Amino acid sequence: MKYKIEITGGFTGIPKSYEGELPLKGAEKKELLRTLRSPSVGNEALRDGQHYSLSFEDGDKTYAAAFAEHSLPRELRELIDRLIVSG
Amino acid sequence: MCTAKCHIVPPHILEELAKRGSLSCKRTLNDTGRIRERRQNALNYLLSRAQEAGEGKRFVYDCKTQYEQRVALVRQEGEDPVADEAANKAYDTSGFVRDYFRNTFGLNSIDDNGLDIISNIHYGVAYNNAYWDGDEMTYGDGDGREFTNFAGAIDVVAHELAHGVTQFLANLEYQSQPGALNEHFSDVFGTVVKQKYLGQDVSEADWLIGDSVVTEAFPGVAIRSMKAPGTANDFDTQPDHMDNYYNGTADNQGVHINSGIPNKAFYLSCMEIGIDDCALIWFETLRALWRTANFNDMLETLVNTAQSLADESRVAENAVEAVTASFAQVGLTRTVV
């Protein structure tokens, strides 16, 4: 599926955008969609946190979610790292 | 008949039902009282604990490139330098910021109650950010392409630590104008501490924020400019006048964007009466502000604070005029009631 990741805000305030293709199998896809609906609980007093907007296109369906620094699930952090570093 | 649902019934109704002979309501009433008493005792305990002042000790933790804070303690107050230079930098710079606030304003650490100063370094993988999370600071190493280690920059450390000071003094909410003021105060003390750290005066300072965390490949010289908001890099959209105020929803309604307006006014004020007088006026203003304060509230409080400090001969006689004129140059004038 196609992905688009937008990272905004943070101390730098400089927006970053990443797009590409993410090959996922059935179980992996299901897990990703579950994680998109599972924000973490963190400290809302956080200052200079980044904002993360993620969207995934799977055929004619688009799955999208937005997170704050404190609510981004660890699985998505690791996925973002994998996509950005390898991309 | 009174059932377990009595727990959500107000006490006066429980009392009335108990008076009419309901044993279950009487029991519930008693239980509620005991729970309230236990809660009160717990609250009193927490409050009495909170009154015990700490010593503002420094602790530096290595996150080991995980997205986890406090993974491994690498250096704490009084210990010798370690092999990791980033840890030593975080230790030294956070100590400099702590000492500046203590020696200049008598502030006992971030919360004025000796809160320990926790720094987390090497956070995440190529993480291009630094943040204050309500209790402690966290720094990424940067991606090495455009950004370098955030923990090593005195203005970044001062900026993040100042978020903590703001949280405990004014707790400015993090959106729209109060949020832009929150960012503004962090940039103010970031640049003040940087100039002290480097031994500069206002004429030789560069008034840049984050110039030492960007690489040569980065399209710009810094993250922000107090002197010339909007010019620090190719992405810098900070306005330097209310005419260009950002009204969008991004960045919590522009907290890192519209802070350029008071930032420019601070720079102009410093050029008139010096950075030490301005730092005192701004710090005392921060003490006086409140959660929802906007730009006009800020200006009104700044002027009143400057007047009080000038009356006590603690700042220049012309402080009120300097502050008023500086804000007028960025399009902010006092509201006449």
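This is a predicted model: local features need pLDDT of at least 70, side-chain atom pairs count only at pLDDT 80 or more; totals for chains, interfaces and linings use all residues.
Analyst: Quick ground rule before we start: a helix is a DSSP run of H or I with at least four residues, a strand is a run of E with at least two, and both are numbered from the N terminus. By that rule, T305(B) is found in helix α9 (residues 295-311) of chain B.

User: How confident is the predictor about chain B?

Analyst: pLDDT is its confidence in each residue, from 0 to 100. Chain B has a mean of 90, and 84% of its residues reach 70 or more. Over residues 1-6 of chain B, though, pLDDT stays under 50.

User: Back to T305(B): why is it called buried?

Analyst: Buried means under 20% relative accessible area (exposed is over 50%, partly exposed in between; 1.4 Å probe, protein chains only). T305(B) comes in at 12%, so it's buried. It touches I281(B), E284(B) and T285(B), leaving aside residues up to four places away in sequence; a contact is heavy atoms within 4.5 Å.

User: Why is α4(B) called oblique to α5(B)?

Analyst: Helix α4 (residues 154-169) and helix α5 (residues 176-198) of chain B pack at about 135°, with axes 7 Å apart. Angles under 35 degrees are roughly parallel, over 145 roughly antiparallel, 65 to 115 roughly perpendicular, and the rest oblique. The pair therefore counts as oblique. Among the residues making the contact are A162(B) of α4(B) and F189(B) of α5(B).

User: What stands out about phi in D48(A)?

Analyst: D48(A) has a positive phi of about 75° although it is not a glycine. D48(A) is in the loop between α1 (26-36) and β3 (50-58) of chain A. At 0% relative accessible area, D48(A) is buried.

User: How do you know whether W207(B) is buried or exposed?

Analyst: W207(B) has a relative accessible area of 1%, so it's buried. W207(B) lies in the loop between α5 and β6 (208-209) of chain B, and its phi is positive, near 60°.

Definitions and conventions
Residues are numbered from 1 along each chain as its sequence is written. Chains are lettered from A and ligands numbered from 1 in the order in which they are written. Side-chain values use heavy atoms; hydrogens and water are left out. Axes are lines fitted to C-alpha atoms, for helices over the stretch in contact, and angles run from 0 to 180 degrees between N-to-C directions.
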